[in-house]
Amino acid sequence: MFVCPMATPSDITGLQQLADSGEIRPDTLVAIAGKTEGTGQHDDWGRVWADVALREWTANFLGIPVSEVAKQVIFVLSGGCPGVITPHIAVVTREWIEVPDTQRSQEKRLVVGRAGSDAMPPEEVGRMGQIQKVAEATRRAMADAGLTDSNDVHLVMVKVPGLTTASIKDAESRGKTVVSHDLTFGPEGAGVYANDAAALGVALALGEVPESALSDSIVRRNWDLYSSVAMTSSGGEKRHGEVVLFGNSSTSQSSLRIGHAVTKDFIDAEGVRNALRSAGLQFDMLPTEKDLSRLVHVFAKSVIPGTDQVRGNRITLLDDVDAYQIGKALGGMLVASVTGRTTNYVSGGERNSHQGPPGGNIVAAVVRADG
């Protein structure tokens, strides 16, 4: 996993340097996840611009048409970098090697799996159709990673289609309905319905939620149903879902490990530290500079809770017109305060979510196994 800051949405300098140095090869590149500057909304041209630039570069690197890139490399780009979130990409590679049983690691190490879903028409966004297609893709990504135990899965990143004015017209021209005509990421926005259906798809695939508990009517209604490892986002530029799954396996020879934890609120720095501990850093109170030198990357959600209370005191965030951006900024600051770096993947801004328990946010950390 290589983290490359981006000077502009179309900045592929870091990717090119990795390619020139031989650290990534066409046969090893499997995923690119990152934060892009822009509004983070459904019409975020910063994210779209980055997606186009990265896909074109990847197509040239792999020697294939742009239309074929998604079959080999999964892209999960989250728009919006308010506060101290640095625009960046995390480049993920994987190589298959033959290892004698006698040389296998005694510890579980990082593995990655990828999968794309079938196309998701607009009438499925935020509904069971999207849930089931994400679940199927998550199962295939888990198999691609060589994992059979869902307890070994620590992060599932998903990018799914959202709704646009054009896609809504398309659905209605065919006599179909859509989950919402609100194209924002507000409480009843199409963007959050898409994110949450994707999260429930992950929960279904990993056995966190039984299929019997799921229906169109529970999406963004029953907050007791959630995934503890799903980080999802959506965009109108997508037509298919894309899944990249991270876990640990005793068959892996990677030098990296991943772990995760859940914060209880926006000021729970201990929850972030617990994610570092889950990944393998060992410290009592605070991580030292030596500990943090082993940290490769942090992925986090920053969802706004549905309550105006934080530890018994009232906050006014729910009434703030800029709550969506502030929510992301708060998460970015919380993670940066622990890690001492700003190149953290922090997605969020929604109000309530099936990504994590009510009020809590998921944090996953990747560290080097050896000090």
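Strands are DSSP runs of E with at least two residues, numbered from the N terminus. The model shown in these views is predicted.

**View 1. The largest pocket and its centre.** The largest pocket has a volume of about 740 Å³. Its lining comprises 27 residues. Nearest the centre of this pocket lie Arg-94, Glu-95, Leu-110, Ser-252 and Ser-254.

**View 2. Strands in the lining of the largest pocket.** Strand 4 spans 88–93 and strand 5 spans 109–119. Each of them supplies at least two residues of this lining. Strand 5 gives the most, with three residues.

View 3. The lining of the largest pocket holds 12 nonpolar residues.

View 4. About 390 Å³ of space lies in the second largest pocket. This pocket is lined by 17 residues. Closest to its centre are Arg-55, Ala-70, Lys-71, His-240 and Glu-242.

**View 5. Helix and strands in the lining of the second largest pocket.** Helix 2 (45–62), strand 5 and strand 8 (240–249) each supply at least two residues here. Strand 5 gives the most to the lining of the second largest pocket, with four residues. Strand 5 also gives the most to the lining of the largest pocket.

Note on methods: Residues numbered from 1 in each chain as written. Predicted model: local features only at pLDDT ≥ 70, side-chain atom pairs only at ≥ 80, totals over all residues. Heavy atoms only, no water. 1 Å grid on protein atoms, 1.4 Å probe; cavity = no way out; pocket = protein on both sides within 12 Å on 5 of 7 lines; lining within 4 Å. Points joined across faces, edges and corners; volume = space filled by probe spheres on them. Nonpolar A, V, L, I, M, F, W, Y, C, P; charged D, E, K, R; others polar.
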